[in-house]
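Here are my notes on this one, point by point. Have the structure open while you read.

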Amino acid sequence: DYLSEVKDKLKRRRDFMMKKFEENHINCILPKGAFYAFPWIENKNKKWKNDLDFVLKLRDKMKVLVVHGGGFFYKSKDIYFRIVFLPNEKILGEAISRIGKFMRM
């Protein structure tokens, strides 16, 4: 029973996270078997040098910590990062809202 409860909780958090991504114009493929996601944003205007620049500035300005895509040996002109959805919806929602606000700065 415990595993079923945990699985349901993670699914609710995943679905909540995906909704918040959509609201904040963050692209992400639906995670199906993990407690993390690997979203991306377009870097059309070269607002950030790379994904490491993005996550360091996000950490410093918005106090949100994610892992840059390059940390997983992923290279792209767009900004990829990894985020876990283990925190409760209040914390997760606040973090994603801060990411969205940071993108609009």
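1. Residue numbers start from 1 along each chain as its sequence is written. This is a predicted model, where local features need pLDDT of at least 70, side-chain atom pairs count only at pLDDT 80 or more, and totals for chains, interfaces and linings use all residues, while side-chain values use heavy atoms, with hydrogens and water left out.

2. Start with the helix pair. The axes of α1 (residues 2-23) and α3 (residues 89-104) come within 10 Å and cross at roughly 25°; axes here are lines fitted to C-alpha atoms, for helices over the stretch in contact, with angles from 0 to 180 degrees between N-to-C directions. That makes α1 roughly parallel to α3 (angles under 35 degrees count as roughly parallel, over 145 as roughly antiparallel, 65 to 115 as roughly perpendicular and the rest as oblique).

3. Which residues in α1 meet α3? On the α1 side they are R12, R13, F16, M17, K20 and F21, and on the α3 side E89, L92, G93, I96 and S97 (contact means heavy atoms within 4.5 Å). The residues of this contact divide into five nonpolar, two polar and four charged.

4. Not counting residues up to four places away in sequence, S97 touches K20 and N24.

5. Now the core. The largest nonpolar core has 24 residues, and M17, F21, F54, F81, I83 and I99 have the most contacts inside it. Such a core is a set of buried Ala, Val, Leu, Ile, Met, Phe, Trp, Tyr and Cys residues joined through side-chain atoms within 4.5 Å. α3 gives the most to this core, with six residues. Leaving out residues up to four places away in sequence, I83 touches M17, F21, F35, Y36, A37, P39, V66, I96 and I99.

6. N43 is buried, with a relative accessible area of 5%. Beyond four places in sequence, N43 is in contact with W48, K77, D78 and I79.

Conventions:
Helices (H or I, at least four residues) and strands (E, at least two) are DSSP runs, numbered from the N terminus. Ala, Val, Leu, Ile, Met, Phe, Trp, Tyr, Cys and Pro count as nonpolar, Asp, Glu, Lys and Arg as charged, and the others, Gly among them, as polar. Buried means under 20% relative accessible area, exposed over 50%, partly exposed in between (1.4 Å probe, protein chains only).
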